[in-house]
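Please read them with the model open beside you.

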Amino acid sequence: MKKLYSLIAIAFLLTSCGGNDKVLLRNSIGKVNKVMVVTKSSDWNGDIGKAIRNSFGELMVGLPQPESLLSVSQVAPNGFGTMMKVSRNILVIGVGDKEEYFVRKNVYAQPQTIVYVYAKDDEGVVKMFNKHQKEIIKEFKDSDIKMTLSLFNKNKIDDSQYKTLKNLGVSLTIPNKFNTVDDTGDFLWLRNHLSSGIAKTGSNNILVYSVPLLDETKVADSIVAVRNKIGKKYIPGSDPETMHMITEEAYTPFTFNATIDGKTAYETRGKWEVLNDFMAGPFLNYTVVDKKNNRLVVFEGFTYAPSVNKRAFLFELEAIAKSLKIH
């Protein structure tokens, strides 16, 4: 059993080096943000499984309900058969002959990402996983972003129809399920009505606009003020005189460094609400520093979906945001 994990990797290397003949891989399956963990049940129930659950189970910031970064399921190596091998995101982890961490793409299906983590004993495995946990999460999330955008590309809107995107000189991969709410030439608002079965659950929304770049050192600190100003101007509530979108005052948003289209950007996650009303939900904001044009290009996605989990909705918006190109 100790060498079984190494045998899985060796089998892959042998099958991938069989000459120039192209192997037709099956389509992978699995929900986004979900990982299948291949490890012994005793490891899953011990320190190794605990480390994985603590890492992948970390709560996403900015969501009103507690939802983890990644969902996980576990299968023992002897149960990792043909049906399991077509999973899109797989983590193979356990005791092997040496310490190893590596990633393989499209091994049994496509698109597919398999991360391998080995060490000589349980304690070493936990250390190896903890050392690379951020890289591992990024591998799976980036893979899901790429897959999601490939699906959106099949049914994308011709974004040249939007005055605002044309004026700003930007492009996005936007699926055709989004409809126009407002397109002023300076401000774009798109909306996708969400449903679960026969019940409407709310909407996913996209905003795109730009503001002048005044002081690059203060961009991150100004994001909330900018979005509140935009909300007051463009996003009214049921009574436009007294209601408009604001950043929820009781919840401090989290801002992280990011890169969009090779440019410095800031990712902000938090909660929005409508002033003097009861509507609220999560938002995802990417503020991109466009030095060439002395401006900030802003993509914001926000979700209104009462009483349902919202991780998947925000992930779609994140994928669209990461397709942004400034021309």
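1. Some terms come first. Helices (H or I, at least four residues) and strands (E, at least two) are DSSP runs, numbered from the N terminus. On a 1 Å grid over the protein atoms alone, a cavity is a set of points where a 1.4 Å probe fits but cannot get out. A pocket is an open set with protein on both sides within 12 Å along at least five of seven lines, and lining residues have an atom within 4 Å of a point. Grid points are joined across faces, edges and corners, and a volume is the space filled by probe spheres set on the points.

2. This is a predicted model, in which local features need pLDDT of at least 70 and side-chain atom pairs count only at pLDDT 80 or more, while totals for chains, interfaces and linings use all residues. Residues are numbered from 1 along each chain as its sequence is written, and side-chain values use heavy atoms, with hydrogens and water left out.

3. Overall build. The protein has seven helices and 17 strands. The C-alpha atoms fill a box of roughly 70 × 50 × 45 Å along the principal axes.

4. Of the 327 residues, 50% count as buried, meaning under 20% relative accessible area with a 1.4 Å probe and protein chains only. A contact means heavy atoms within 4.5 Å. Among contacts between residues at least 6 apart in sequence, 61% join residues at least 24 apart.

5. The largest pocket. Its volume is about 870 Å³. Of its 23 lining residues, Leu-69, Ile-137, Lys-141, Phe-256 and Glu-267 are the closest to the centre. Helix 4 (122-154), strand 13 (254-260) and strand 14 (263-274) are the elements that give two or more residues to this lining. The largest share, six residues, is from helix 4. By class, the lining has nine nonpolar, four polar and ten charged residues. Here Ala, Val, Leu, Ile, Met, Phe, Trp, Tyr, Cys and Pro count as nonpolar, Asp, Glu, Lys and Arg as charged, and the others, Gly among them, as polar.

6. The second largest pocket. This one has a volume of about 460 Å³. Lys-31, Val-32, Arg-311, Ala-312 and Phe-313 lie nearest its centre, out of 20 lining residues. Which element supplies the largest share of the lining? Helix 7 does, with five residues. Helix 4 and strand 10 (187-196) are among the elements that each supply at least two. The lining is made up of eight nonpolar, five polar and seven charged residues.

7. Helix 7 (311-321). This helix is largely enclosed by the rest of the structure, because eight of its eleven residues are buried. Arg-311, Leu-314 and Phe-315 are among the buried residues.

8. Cavities. The structure holds three cavities of 30 Å³ or more. About 50 Å³ of space lies in the largest cavity, whose lining includes Tyr-209, Ser-222, Asn-285 and Leu-296. Helix 6 gives the most to this lining, with three residues. The lining divides into six nonpolar, three polar and no charged residues.
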